[in-house]
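Try each one yourself before reading the solution.

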Amino acid sequence: MHITRNDPCWCGSGKKWKKCHYPKAPLTIDPLTLAKRYLKQYGIVLKTAPQIDKIRHICRITAGILDQLCQSARAGVTTLELDELSRKLHKEKGVIPAPLNYGYPPFPKTICTSLNEVICHGIPENRVLKDGDIMNIDVSCILDGYFGDCSRMVAIGEPPKESQLVMDVSKECLARAISVCKPGAFIWEIGQAIEDYATTKNCSVVNQFVGHGVGLAFHEPPEIPHHYNGIEIPMAPGMTFTIEPMINAGVRDAVIDSTDSWTARTKDGRASAQWEHTLVITETGSEILTHPPKR
Ligand code: MF3
Ligand code: CO
């Protein structure tokens, strides 16, 4: 549920939202009142500074694990071996892999490895990485009840032109989406930034999977669509969410594997790529939380 420009403003003034607190409202009311409104109106938890510190901490560990996994992704390595390394790294850092046993049927591994035409939720298996493959590695971790979530692409050797295109376009889509994030900007602006750019590159934007609030749970409100949409929720300081655009070379449609119920592939078998960060909205803009610690 969300209000639109012509609804009464939520400040109780009796004026239309567009004549009142639209769109800079989040900056003009005190944080506690704002947090209560976001929870009631959208189910969104605006995080406090100490909560953000905890989320930043797990996000950095998550990004560090992702970094190490990406470095180990070479021709000849299986995605199962990457999962084994992932288990070891999680154990070393004392963090829990969020995907393991998540959902229904329970996700069987600690990371997602999505190759070539796989859009997302690929399951590590006995598949050897070979020259020309592109792969998304998606890592999400839990520490003390706080969650971090990020993913990146790696190329094995020299990928085909179309694979390189979706890798580059999805990375740029994420960067452009992040740059629109600030207090008062609307959630729909993310999808607009992404789909505007992807279509100029003749790519399509997957609409069957979305980014999401994250931090106190793996998936929290709000949903963050990457395609054109009309979600008129203004961003507010303390919102923590992912942006994870999935960009296809061909059609946008995803088909979920009927055997494992997880692996999502492009309907036409053409390449797909995805990059993901967890962000927090600050007083002035946004901060990427899933930056790896310096090596
Ligand atoms: N970043 C992905 C997401 O938010 C991670 C999926 S893990 C899985 O959905 F276990 F759900 F597959
Ligand atoms: Co995610």
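What you see is a predicted model, and the exercises below go through parts of it.

**Exercise 1. Find which of the residues around ligand 1 come nearest, and say how the shell divides by residue type.**

Solution. Next, sort the shell by type: four residues are nonpolar, five are polar and four are charged. Finally, look at where the shell comes from: strand E4 (134-143) and strand E5 (146-155) each supply at least two of its residues.

**Exercise 2. Compare the reach of helix H6 with the expected value, then work out what covers its buried residues.**

Solution. Begin with the length. H6 runs over residues 188-200, which is 13 residues, and spans 19 Å from first C-alpha to last, close to the 18 Å expected at 1.5 Å a residue. Now pick out the buried residues of H6: Ile190, Gly191, Ala193, Ile194, Glu195, Tyr197 and Ala198. Their cover includes helix H5 (161-179), along with strands E6 (204-205), E8 (220-224), E9 (240-243) and E10 (246-248). One last stop: just after H6, Asn202 has a positive phi of about 60 degrees.

**Exercise 3. Describe how helices H3 and H4 cross, and name the residues that make the contact.**

Solution. First the geometry: the axes of H3 (residues 49-72) and H4 (residues 79-93) come within 10 Å, crossing at roughly 145 degrees. The crossing of H3 past H4 is right-handed. Then the contact: H3 brings Ile61, Ile65, Gln68, Leu69 and Ser72, while H4 brings Leu82, Leu85, Ser86, Leu89, His90 and Lys93. Sorted by type, the residues of this contact are six nonpolar, four polar and one charged.

**Exercise 4. Where do the cis peptide bonds from Tyr104 to Pro105 and from Pro221 to Pro222 sit?**

Solution. Take the Tyr104 to Pro105 bond, with omega near -5 degrees; Pro105 is in the loop between strand E1 (96-97) and strand E2 (112-115). Then take Pro221 to Pro222, whose omega is near 0 degrees; here Pro222 lies in strand E8.

**Exercise 5. Is Ser261 buried or exposed?**

Solution. Locate Ser261 in the loop between strand E11 (254-256) and strand E12 (264-266). Its phi is near 60 degrees, a positive value in a residue other than glycine. Now count: Ser261 has 12 C-beta neighbours inside 10 Å, so it counts as exposed.

How values were computed. Residues are numbered from 1 along each chain as its sequence is written. Chains are lettered from A and ligands numbered from 1 in the order in which they are written. This is a predicted model: local features need pLDDT of at least 70, side-chain atom pairs count only at pLDDT 80 or more; totals for chains, interfaces and linings use all residues. A residue is near a molecule or strand if its C-beta atom, placed from the backbone, lies within 6 Å of it. Helices (H or I, at least four residues) and strands (E, at least two) are DSSP runs, numbered from the N terminus. Ala, Val, Leu, Ile, Met, Phe, Trp, Tyr, Cys and Pro count as nonpolar, Asp, Glu, Lys and Arg as charged, and the others, Gly among them, as polar. The expected span of a helix is 1.5 Å times one less than its number of residues. A residue is buried if 20 or more other C-beta atoms lie within 10 Å of its own, exposed if 12 or fewer, and partly exposed in between; C-beta atoms are placed from the backbone. Two residues are in contact if their C-beta atoms, placed from the backbone, lie within 7 Å. Axes are lines fitted to C-alpha atoms, for helices over the stretch in contact, and angles run from 0 to 180 degrees between N-to-C directions. A crossing is left-handed if the near helix is turned anticlockwise from the far one by less than a right angle, and right-handed if clockwise.
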